[in-house]
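I opened this entry to look up how two parts of one chain meet. The notes follow in the order in which I took them.

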Amino acid sequence: MNGAEALIRGMEKEGVEHIFGILGGAIMDVYDVLFDNSTIKHLTCRHEQVAVFAASGYARASGRIGTCMATSGPGACNLVTGLTDAYMDSVPVVAVTGQVPTTAIGGDAFQEADVVGITMPITKYNYLLERPEDVPLTVKGAYYLAGTGRPGPVLIDFPKDIQQASIKNYKTPKTVHFGGYNPVLDPHPRQIALAVKALMNAERPLILSGGGVIISNASTELLKLAELLGIHITTTSLGKGAVPEDHPLALGMVGMHGKRWSNNAVQEADVLFAIGTRFSDRITGNPKYFAPKAKIIHADIDPSEIGKNVEVDIPIVGDAKRVLSAMLQVAKKASKKEMSRREKRTEWGKRIEKWKREFARDINYDAVPIKPQLIVREVQKIIDADPKNTIIATEVGRNQLWCMHYMNIRNPRNWLTSGGLGTMGAGFPMAIGAQVARPEARVLNMAGDGSFQMTMQDLATCMTYGIPVVNIIFNDSSLGNVRMWQALFYDKRYSETDLKNNPDFEKLADAYGAWAKRVERPGEVGEAIHEALKSGKPAIVDIAVDKDETVYPMVPPGGVLHEMLDE
Amino acid sequence: MGEKIHILVALVENKPGVMQRISGMFSRRGFNIDSLSVGTTEDPHHSRMTITVRGDNRVLEQVVKQMNKLIPVIKVRDLSEKTSVSRELCLIKVSTSKQDSRAEIAQYVDIFRGNIIDVSLDSMIVEITGDTDKINAFIKLMQPYGIKEVSRTGITAMHRGHKSVKDQKK
């Protein structure tokens with residue numbers, strides 16, 4: 001057995017079923033093993049950026065670890081954006097990159113790049129394989145690190161001579177151990193007791209749920225706790241779907257593009273229980289004025305997130321599921337007297353409901369050009385028809401913001417968006433990965449004309465493997481979100497935001513053999529999306545939308561949550 | 001919330017790239033390192049780093065947490081001045097071309113319990129060990145003679161008494 005085969009055997013043992021990638025000179029030995037001798041299915045993409053984002057979408061939608069592969073130098077460098085994105089959003093991805101032979105490393109060989117150096121700050125950990133006998137433990141370690149604790153991307157840089165070298169006495173390791181890596185999963189009981197007590201005594205409590213709740217599959221526990229204590233839940237962008245957003249206690253998203261009532265609730269709350277969130281600036285606005293009246297409870301699996309952006313009163317380190325289970329247990333034992341305080345909170349609930357009515361938005365769905373909110377409404381009907389099996393991916397820009405704001409996601413892992421890094425072009429490949437992980441699901445990518453053009457070449461990948469992702473393009477022939485900022489904050493000086501010479505997306509789809517339709521009338525939107533889904537093919541629904549529609553309400557950058565810009 | 005210099009001791013895996021991981025993390029998160037020294041330990045699998053870092057308590061807490069988050073970092077301890085000892089080694093090449101300077105410098109070296117480790121016709125190299133203040137004081141004394149070169153190792157530090165870094169929880 002050689003190094004390359006040891007890698008593939010190790011991956012099989014780890015349960016890897018799919019690899020997204022593109023081969024090249026320095027990774028050929030691994031692909032040679034895949035050629036005739038593996039249970040793993042490899043999907044060739046048209047760009048490495050797509051391979052890594054597909055692996056990320058695969059992981060986000062399924063909870064399994066996504067795997068991608070690339071050759072040395074340019075191949076590996078093309079993974080950088082996706083790895084950074086996965087690192088920011090805590091997505092378990094393992095990337096394997098070819099590398100020039102160890103004897104050539106450091107000599108600026110053809111297609112050589114210091115991939116371990118380049119990816120050090122954007123991976124949870126990375127390896128340079130220097131001895132063939134290290135391959136089995138490295139594979140084991142990579143999957144272990146990627147998937148445990150706070151998940152994240154791990155990269156294995158694999159020199160060609162190590163791929164080719166034979167391994168004597170190959171054995172798959174049963175366990176792997178890192179002296180410096182012991183994630184704390186079980187929360188401290190004292191902190192749990194303090195947290196439950198604070199929530200029970202609160203008059204205006206609120207839960208802020210982040211992506212961590214979805215990662216640890218803690219949706220049921222979160223909802224049970226919220227229902228038991230009668231507390232409303234708002235979420236971050238990555239937290240969408242942690243609880244059904246049409247639940248009476250669900251408020252929708254918070255932050256820069258959140259709901260007004262969510263933001264007001266944060267600013268008025270006396271106890272804020274945040275779980276699985278890192279208090280990004282898109283959530284807090286100016287952190288100095290974030291939740292000014294609240295005692296803050298912060299639970300996270302990563303101790304370094306606690307106290308990083310926001311000062312915390314009750315810190316809890318632990319896995320979200322275990323934290324919530326422990327809190328539930330304590331809360332269930334509460335005396336009648338303690339539970340009776342719940343009644344005092346009816347006033348708070350009424351206030352929130354009043355905000356919800358007051359700030360409900362009135363949208364002219366019949367307007368021409370089409371209001372983007374109409375597209376969201378039509379896609380919502382698709383979700384509501386089969387919420388469990390409908391996955392929504394988004395690109396980055398206004399397309400994403402409208403979906404974040406208006407869309408009700410009802411199940412965890414059915415909402416895929418580049419939250420931390422905000423990567424345009426991420427949605428389509430994430431949708432591809434999600435469809436591969438969950439073939440039974442319907443996958444829709446909510447795109448802009450700008451972002452879709454960043455990775456659209458992988459329509460070819462969809463055709464090759466029969467991946468019927470439906471791309472819905474909010475087409476405003478511009479980099480719309482930045483254009484909107486120019487309108488709001490740069491005196492309408494539209495520098496370089498108009499996208500002239502966009503392609504005819506119907507013809508583009510036709511060239512690949514995909515399905516497409518251009519829509520310009522409001523009445524045709526729903527029908528076109530249905531047809532696209534029915535086609536069973538990769539599809540584009542290209543919808544001309546109102547370029548000048550502003551994503552209101554919105555907290556200006558660095559602003560305070562309850563002071564939102566509006567019409 | 002005053003800014004202070006803290007001495008951190010870290011036990012890390014003795015592997016290539018660990019220094020890069022740590023120094024990279026410091027620079028990208030905007031933490032200021034005053035000095036950093038690394039060396040082997042009694043266990044060949046581990047290296048020991050002593051890092052002096054400037055910041056208030058909140059910064060220090062983040063530094064410690066971010067270091068702990070790095071996979072090859074096994075343990076990190078903040079050594080306070082009261083319960084630890086710290087030393088730095090410094091080599092100073094000083095000019096002796098002025099009259100009588102050689103004898104005067106030799107006296108200072110005696111007082112500071114340093115060593116003269118090299119002598120040439122118009123210069124000598126002095127070795128001084130001590131805490132940062134002592135070394136700063138000695139360098140100041142040498143300035144009038146003309147310092148040609150200074151090389152400092154950065155601080156290395158240890159708990160007083162029986163306690164060791166290894167005993168502490170990560």
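I took buried area as the accessible area (1.4 Å probe) that two parts lose on being put together, summed over both. The model is predicted, so I noted the limits: local features need pLDDT of at least 70, side-chain atom pairs count only at pLDDT 80 or more, and totals for chains, interfaces and linings use all residues. Residues are numbered from 1 along each chain as its sequence is written, chains are lettered from A and ligands numbered from 1 in the order in which they are written, and side-chain values use heavy atoms, with hydrogens and water left out.

Entry: layout. I found chain A divided into domain 1 (3–164), domain 2 (189–358) and domain 3 (372–544); the bounds come from an automatic or database domain assignment.

Entry: domain 1 against domain 3 of chain A. I read about 2,100 Å² of buried area between them, 66% of it from carbon and sulfur atoms. On the domain 1 side, A:Arg46, A:Arg60 and A:Ala61 lose the most area to domain 3, together 27% of what that side buries.

Entry: contacts. I noted 27 residues of domain 1 of chain A in contact (heavy atoms within 4.5 Å) with 27 residues of domain 3 of chain A.

Entry: charge pairs. I looked for salt bridges (a side-chain nitrogen of Lys or Arg within 4 Å of a carboxyl oxygen of Asp or Glu). The count between domain 1 and domain 3 of chain A is zero.
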